[in-house]
Amino acid sequence: MINYAIQRLILAFFVAVAVSIIAFALLRLSGDLAMVLAGDGATDEEVRQMAERHGLDRPFVVQYFDWLIRMLQGDLGTSLFTHRPTMEMILEAVPVTAKIAFLSLGAALAFAIPLGVIAAAYPNTWIDRAVLALAVAGKAMPTFWMALVLMYWLGVQLRWLPISGSATWQHLVMPVIVLGTSVMPQLMRLTRSGMLDTLESDFIRMAWAKGLPAHVVFFKHALRNAILPVVAMSAISLGFLLGGAVIVEAIFSINGIGLLAYRSILRIDFPVVQAILFFLSFVYIFLTLIADLINAWLDPRIKVK
Amino acid sequence: MAIDYGAPPLLDIAGLHLSIPTSGGDLRVLRGVDYQLWQGETLAVVGESGSGKSVSSLALMGLHPRRASVSAERMTFDGQNILGLSRPALRKLRGNQMAMIFQDPMTSLNPVLTIGEQLVETYSAHGKGSRAQATERAIYLLERVGIRNARERLGQYPHQLSGGLRQRVVIAIALMCNPKLIIADEPTTALDVTVQALILSLLKELQEEFGMALILISHDIGVVSSIADRVAIMYAGTIVESGGADEVIHEPLHPYTRGLVDCVPRLRPGRERKPLVTIPGIVPSLLGPSRGCLFRNRCPKALDTCAMTDPAVQRTASGRVFRCIHSEAVLHAAHTRPADPAPVAAGGRA
């Protein structure tokens with residue numbers, strides 16, 4: 001297990017380096033940053049001065065290593081808009097986004113796994129179809145629409161929940177419902193198909209032949225085998241929730257990482273955009289690493305390969 | 001261990017039918033299966049793929065496909081009617097009173113659970129005792145089936161064991177609750193030839209030691225001839241012939257049994273090579289009802305009347321049972337050909 005973990009960690013390191021180079025290059029290739037920063041109607045001289053001020057006139061490799069060394073020292077640059085350290089702005093935005101992301105994933109899994117198991121236990125019956133209908137509905141509803149409907153219904157009409165901000169736990173309920181609903185269907189379908197495959201295997205027939213009760217056969221024998229792709233998918237979903245919840249954060253006025261990214265793009269605040277880009281890439285890499293390790297713990301055969 | 005044939009049978013099945021509804025009509029997999037099994041006895045059920053030999057034992061344990069419908073005139077185990085038994089009641093019997101050994105040890109153990117867990121859980125599920133007791137019994141049985149370092153093996157996973165060792169583990173799991181009946185469904189088919197004989201003799205040895213009844217399902221009449229007391233030959237969902245293993249194999253009555261026996265290739269170094277024998281034709285479709293003998297299209301002794309009526313069940317003086325339109329004497333005379341040595345004589349019953 002230790003060897004496998006070290007192996008995965010080394011791989012993750014190289015992926016992180018590769019991602020940082022690609023992302024750095026993409027931002028530079030998206031246009032002449034100095035020209036954009038100088039604004040419309042700026043003279044060549046003004047653009048040149050802008051490039052000089054932000055070090056954009058230096059060769060790409062020099063810019064990259066300069067940025068890399070400063071990042072390793074904990075310096076992600078300063079926002080062009082607020083003139084505050086980028087690191088500080090990100091660290092302020094992360095907790096609320098992380099809280100919502102973990103709660104949403106937790107809620108999604110809490111529904112997805114039992115529903116997937118039940119659907120697989122009664123395939124092609126009305127139970128299975130009802131669960132499928134739920135999944136389709138959850139996937140088909142756009143998040144912004146669902147957010148607005150909930151806001152109007154639970155917030156404006158019934159006045160049960162606050163509709164904007166993130167001060168108390170009540171503020172998080174609606175965002176969690178919306179985001180949880182958006183990632184639940186794929187996790188449920190994956191649980192169902194994994195369970196259906198596993199329930200066909202010989203060792204499940206053997207488990208029945210041993211006279212084990214149904215809950216032991218389903219949850220101990222089948223689910224542990226069926227859950228492996230669900231774990232991998234959860235890591236991806238969590239990455240999506242940490243970075244992609246822009247619309248939901250905007251609607252509920254939550255000052256999370258998604259909203260910060262969105263605003264920074266509009267303000268052409270490229271040090272912040274760059275920092276968020278790297279932050280989210282590393283989050284993805286880290287989550288994938290964790291998912292690999294959980295799977296290795298669940299399935300002893302993975303460690304051997 | 002002597003078998004007391006005077007006692008009531010442990011397992012008594014009569015007229016077992018099983019059909020599976022499909023889009024093309026009912027697939028009638030079992031068309032009246034009858035057999036009895038006594039405590040301590042070994043019955044070999046032999047037949048081709050699709051003859052219903054595995055399904056009949058799955059039906060016995062209530063493990064047949066859920067959409068299949070099962071009916072029988074009689075189906076009792078240890079004096080208890082098991083046909084109408086509720087799911088929980090059947091579950092209490094499974095793994096406890098009757099255990100099953102499946103064909104492929106590479107896939108019948110759960111890859112993500114340790115060997116120890118898979119042994120212990122059967123014992124615990126039937127409330128046989130504490131975890132410590134279960135672990136002790138697991139170690140004892142692993143050693144008994146010929147696995148060394150049993151205590152260390154408990155913490156290992158199936159992929160760390162060879163096929164032969166895994167089948168020994170599967171056998172140990174079957175023995176955990178000291179069942180009265182073990183059904184072994186092609187227990188050696190997936191194993192190397194060198195390991196097959198070891199596993200079969202181990203099964204026989206354990207059966208005598210623990211006094212269990214054993215149903216050995218196989219497609220290979222040669223394999224079972226050495227350890228079975230009685231043999232039942234299945235064809236297209238019915239038992240076409242049954243009786244003492246020696247008699248059935250050495251003097252087969254039913255033309256199908258005769259064909260099966262002739263199909264066993266014999267290894268005799270130095271002798272001229274004979275072409276491999278086959279039974280011409282294929283197993284008939286099991287869709288829908290049928291009239292007449294289902295073997296008639298492949299039978300060398302078939303008459304026109306075979307298509308008209310179902311063959312009667314006949315019983316010989318020595319207690320053998322067969323389903324054929326011909327009488328015992330006719331079949332006997334037809335099969336006795338000069339200069340044809342008794343098949344599978346070599347290495348037969350010890």
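A residue is called buried here when its relative accessible area is under 20%. By that criterion, helix 1 of chain B is mostly covered in this predicted model, seven of its nine residues being buried. The buried residues of helix 1 of chain B are B:Lys53, B:Ser56, B:Ser57, B:Leu58, B:Ala59, B:Leu60 and B:Met61. Helix 1, which comprises residues 53–61 of chain B, lies across strands 3, 7, 8, 9 and 10 of that chain. Relative to strand 7 of chain B, helix 1 of chain B runs at about 145°. Just after helix 1 of chain B, B:Gly62 adopts a positive phi of about 75°.

An open sheet of eight strands is found in chain B, with the order 7-8-9-3-10-11-13-12 and mixed pairing. Strand 7 (98–101) and strand 12 (313–315) of chain B each have a single partner strand, so these two strands stand at the edges and one side of each is left without a neighbour in the sheet. On average, and with direction ignored, neighbouring strands of the sheet are turned by 20° against each other.

Within the sheet, strand 9 (213–218) of chain B is mostly covered, with six of its six residues buried. In a regular strand, side chains alternate between the two faces of the sheet. Both faces of strand 9 of chain B are covered: one side carries B:Ala213, B:Ile215 and B:Ile217, the other B:Leu214, B:Leu216 and B:Ser218, and all of these residues are buried. Strand 9 of chain B pairs with strand 3 of chain B in the parallel sense over five bridges. In this pairing, B:Val45 stands opposite B:Ile217 of strand 9 of chain B. Strand 8 of chain B also pairs with strand 9 of chain B in the parallel sense, over five bridges. There, B:Ala184 has B:Leu216 in strand 9 of chain B as its bridge partner.

An antiparallel pairing is formed by strand 11 (residues 238–244) and strand 13 (residues 321–323) of chain B, which are joined by two bridges. B:Glu241 stands opposite B:Phe322 in strand 13 of chain B. B:Ser242 also lies in strand 11 of chain B. Because its relative accessibility is 16%, B:Ser242 counts as buried. When residues up to four places away in sequence are not counted, B:Ser242 touches B:Val231, B:Ala232, B:Val248, B:Arg320 and B:Val321.

Most residues other than glycine have a negative phi. B:Ala236, although not a glycine, has a positive phi of about 50°. This residue lies in the loop between strand 10 and strand 11 of chain B, and B:Ala236 is buried, with a relative accessible area of 0%. B:Asp78 likewise is a residue other than glycine with a positive phi, near 55°. B:Asp78 is located in the loop between strand 5 (74–77) and strand 6 (80–81) of chain B. With a relative accessible area of 42%, B:Asp78 is partly exposed.

B:Cys293 is in no disulfide, the nearest cysteine sulfur, that of B:Cys306, being 5.9 Å away. B:Cys293 counts as buried at 15% relative accessibility. B:Cys177 is buried as well, with a relative accessible area of 4%.

Chain A contains 15 helices and zero strands. The C-alpha trace of chain A spans about 80 × 55 × 30 Å along its principal axes. Of the 305 residues of chain A, 46% count as buried. Among contacts in chain A with a separation of 6 or more, 73% are accounted for by residues 24 or more positions apart.

One helix pair of chain A is described in detail. Helix 5 (residues 86–121) and helix 10 (residues 214–226) of chain A pack at an angle of about 100°, and their axes are 12 Å apart. Helix 5 of chain A is therefore roughly perpendicular to helix 10 of chain A. In this contact, A:Ile113, A:Val117 and A:Ala121 of helix 5 of chain A meet A:Phe218, A:Phe219 and A:Leu223 of helix 10 of chain A. The residues of the contact between helix 5 and helix 10 of chain A divide into six nonpolar, no polar and no charged.

Definitions and conventions:
Residues numbered from 1 in each chain as written. Chains lettered and ligands numbered in written order. Predicted model: local features only at pLDDT ≥ 70, side-chain atom pairs only at ≥ 80, totals over all residues. Heavy atoms only, no water. Buried < 20%, exposed > 50% of the residue type's maximum accessible area, 1.4 Å probe, protein only. Disulfide = S-S within 2.5 Å. Axes fitted to C-alpha atoms, helices over the stretch in contact; angles between N-to-C directions. Helix = DSSP H or I, 4+ residues; strand = E, 2+ residues; numbered from the N terminus. Parallel < 35°, antiparallel > 145°, perpendicular 65-115°, else oblique. Contact = heavy atoms within 4.5 Å. Nonpolar A, V, L, I, M, F, W, Y, C, P; charged D, E, K, R; others polar. Pairing = 2+ DSSP bridges.
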